[in-house]
Protein chains: 2
Amino acid sequence: VTKAGERRVALVGTGMIGGSLVLALKAAGAIGKVVGVDPQAAERARALGIVDEVAASPSAIGAVDVVILATPVRATASVCEALAPALKDRPDVLVTDAGSTKVEVLRAVQAMLPFPERFVGAHPIAGTERSGPEAASATLFAGKRCLLTPVATTRPDKVAECAALWQSAGFRTTHLDPAEHDRALAYVSHLPHAVAFALASAVGSGHADGLSGGGFADTTRIAGSDPIMWRDIFLANRGPLLRALATLESELGELQRAVASGDGAALMALIERARAARKQVLEGGR
Amino acid sequence: VTKAGERRVALVGTGMIGGSLVLALKAAGAIGKVVGVDPQAAERARALGIVDEVAASPSAIGAVDVVILATPVRATASVCEALAPALKDRPDVLVTDAGSTKVEVLRAVQAMLPFPERFVGAHPIAGTERSGPEAASATLFAGKRCLLTPVATTRPDKVAECAALWQSAGFRTTHLDPAEHDRALAYVSHLPHAVAFALASAVGSGHADGLSGGGFADTTRIAGSDPIMWRDIFLANRGPLLRALATLESELGELQRAVASGDGAALMALIERARAARKQVLEGGR
């Protein structure tokens with residue numbers, strides 16, 4: 001068994017999340033050399049000291065102990081297909097990912113990797129609206145939560161190894177079923193992003209440039225997020241997101257009716273409910 | 001004429017905004033003693049050193065040079081009605097407000113004050129989701145913008161005096177027509193608040209407590225805002241807010257259709273448009 005600090009890592013996708021992860025793992029002495037794969041950003045990641053080597057494609061990563069997938073989620077199938085030959089003869093490699101959806105990613109892994117039982121899905125609940133290796137930071141993850149989504153067929157030793165890996169990067173880890181993950185995250189993350197995009201566009205058509213305050217800036221901060229990443233998340237988690245959007249539509253309809261009818265009591269109730277809901281979501285235990 | 005630093009001020013509504021304003025004006029030496037009127041919060045504001053005296057009602061403010069209305073906007077008519085006797089024999093008093101809507105406030109002032117030509121509407125684009133005098137801060141307003149909404153009948157000397165007052169508190173001032181103000185702010189401020197309330201409630205029903213990240217926290221920060229203040233704003237600016245809500249509904253509908261039909265190109269276009277819109281609203285000149 002390779003010692004933790006000597007484990008060779010392949011990072012596929014060297015953007016803000018993947019870059020921050022290997023920086024944190026290196027700082028913790030949890031990994032050794034990192035080979036980066038990313039047609040757009042791997043050379044920049046090497047120049048920034050995030051990866052040590054660059055491979056031209058997933059098939060060229062060489063002998064590694066850990067593979068971290070940190071591409072937009074819909075690239076998972078093609079990346080795994082390209083990785084398969086390189087992993088075939090390495091029965092102990094741990095594969096994990098950092099994607100914001102888990103069911104479709106797991107399906108892609110199961111279809112394309114020779115040993116899907118070595119794959120442990122992960123979703124670091126962290127990040128910013130910035131993107132690219134330039135936005136990577138070794139301290140982005142300190143104290144944040146990482147959701148791990150192993151399934152019945154996942155090798156228990158790989159689950160333990162994967163949890164220890166993410167913990168080395170500063171995360172608290174929590175296990176969750178992939179479908180439950182996608183359903184819950186549709187509400188707590190994908191819906192706020194969808195809303196921020198729609199809100200920014202709506203306000204942009206309001207001829208109010210330069211008149212905004214902190215409210216607009218905060219509610220739309222995540223509208224600056226990476227378009228490819230979010231296109232992929234929305235498409236990969238279509239069903240749960242559509243159900244969350246329907247819930248929002250119903251809430252907005254209620255508010256709209258209260259405003260239209262001048263119903264102050266209904267508005268008060270609605271605002272008080274929103275305050276309580278926010279507190280519950282932020283402070284609720286898992 | 002009373003010297004700036006000796007002007008006696010009546011502050012009606014001693015919450016976060018009114019409290020911050022008089023703290024900033026005092027720090028700048030722009031005003032003298034402040035008498036506070038607020039059945040809920042005036043005593044707390046006095047204990048905090050924000051106001052120097054407490055009057056039991058608007059009619060009991062005594063001889064003042066400036067009146068600042070900083071109550072929820074729908075209280076303006078009754079406050080002005082109660083103020084009228086105290087202002088009748090003081091033809092030089094400047095009256096300003098700090099409300100987030102301007103048309104209905106102006107209508108209330110015109111109906112209830114003996115000298116509406118001395119009233120200059122103002123909207124400080126600043127604040128936090130906190131409320132009450134405990135949330136007041138002398139530095140909340142530094143470098144922020146205050147929109148002034150004088151009309152054709154407003155006395156020019158009072159407009160100048162009012163602009164100088166808000167500038168003393170740290171604001172850059174901009175003049176805007178009241179109706180144009182309400183239309184623009186419906187988009188850039190009232191809509192984000194409405195959305196934050198609806199979003200917080202929708203996510204609260206998603207059984208995802210404890211799984212949120214920075215996106216949810218930021219998009220819903222303003223859902224923690226004061227319920228009475230926001231009920232009043234929504235009701236006072238009903239027409240423009242309903243039009244802004246319709247624009248948002250149309251944006252959400254477009255996003256929903258793109259997700260449902262799996263149209264990645266449409267999603268990319270929508271996200272890119274949102275990013276550009278956000279930048280334009282934040283950086284657009286006035």
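Modeller: To start with the score, pLDDT is the predictor's confidence in each residue, from 0 to 100. Chain A has a mean pLDDT of 96, with 99% of its residues at 70 or more.

Biologist: And what ipTM and pTM does the complex get?

Modeller: The predictor gives 0.94 for the ipTM and 0.94 for the pTM. This is a predicted model, in which local features need pLDDT of at least 70 and side-chain atom pairs count only at pLDDT 80 or more, while totals for chains, interfaces and linings use all residues. Residues are numbered from 1 along each chain as its sequence is written, chains are lettered from A and ligands numbered from 1 in the order in which they are written, and side-chain values use heavy atoms, leaving out hydrogens and water.

Biologist: Thanks! What is the strand order in the open sheet of chain A?

Modeller: Its six strands run 3-2-1-4-5-6, with parallel pairing. Strands (E, at least two residues) and helices (H or I, at least four) are DSSP runs numbered from the N terminus, and two strands pair if DSSP finds at least two bridges between them.

Biologist: Which strands stand at the edges?

Modeller: Strand 3 (53-54) and strand 6 (119-120) of chain A do; each has a single partner strand, so one side of each is left without a neighbour in the sheet.

Biologist: How many bridges join strand 5 to strand 6 in chain A?

Modeller: Two, between parallel strands, with strand 5 covering residues 94-97. One residue to look at is Thr96(A), whose bridge partner in strand 6 of chain A is Val120(A).

Biologist: What does helix 3 of chain A lie across?

Modeller: Helix 3 (residues 76-87) lies across strand 1 (9-12), strand 4 (66-69) and strand 5 of chain A, at about 165° to strand 4. That angle, on a scale from 0 to 180 degrees, is between the N-to-C directions of axes fitted to C-alpha atoms, for helices over the stretch in contact.

Biologist: Over in chain B, which residues of helix 3 are buried?

Modeller: Thr76(B), Val79(B), Cys80(B), Leu83(B), Ala84(B), Ala86(B) and Leu87(B) are. Buried means under 20% relative accessible area, exposed over 50%, and partly exposed in between (1.4 Å probe, protein chains only). They cover an arc of only 165° around the axis, which puts them on the same side of helix 3 of chain B. The buried residues of this helix pack against strand 1, strand 4, strand 5 and helix 4 (103-112) of chain B.

Biologist: New topic: how many disulfides does the structure hold?

Modeller: Zero, over all chains. For Cys162(A), the nearest cysteine sulfur is that of Cys146(A), 7.1 Å away, whereas a disulfide is a pair of cysteine sulfur atoms within 2.5 Å. Cys162(A) is buried, at 0% relative accessibility.

Biologist: Where does His123(B) lie, then?

Modeller: In strand 7 (residues 122-125) of chain B. His123(B) is buried, at 5% relative accessibility. Not counting residues up to four places away in sequence, His123(B) touches several residues, including Arg145(B), Cys146(B) and His181(B); contact means heavy atoms within 4.5 Å.

Biologist: Which strand pairs with strand 7 in chain A?

Modeller: Strand 8 (residues 145-148) does, in the antiparallel sense over four bridges. Ile125(A) stands opposite Arg145(A) in strand 8 of chain A. Both faces of strand 7 of chain A are covered, with Ala122(A) and Pro124(A) buried on one side and His123(A) and Ile125(A) buried on the other.

Biologist: Last one: is Asp182(A) buried or exposed?

Modeller: Asp182(A) is buried, with a relative accessible area of 3%, and sits in helix 6 (residues 178-204) of chain A. Its contacts beyond four places in sequence include Glu104(A), Asn237(A) and Pro240(A).

Methods: Arc of directions from axis to C-beta.
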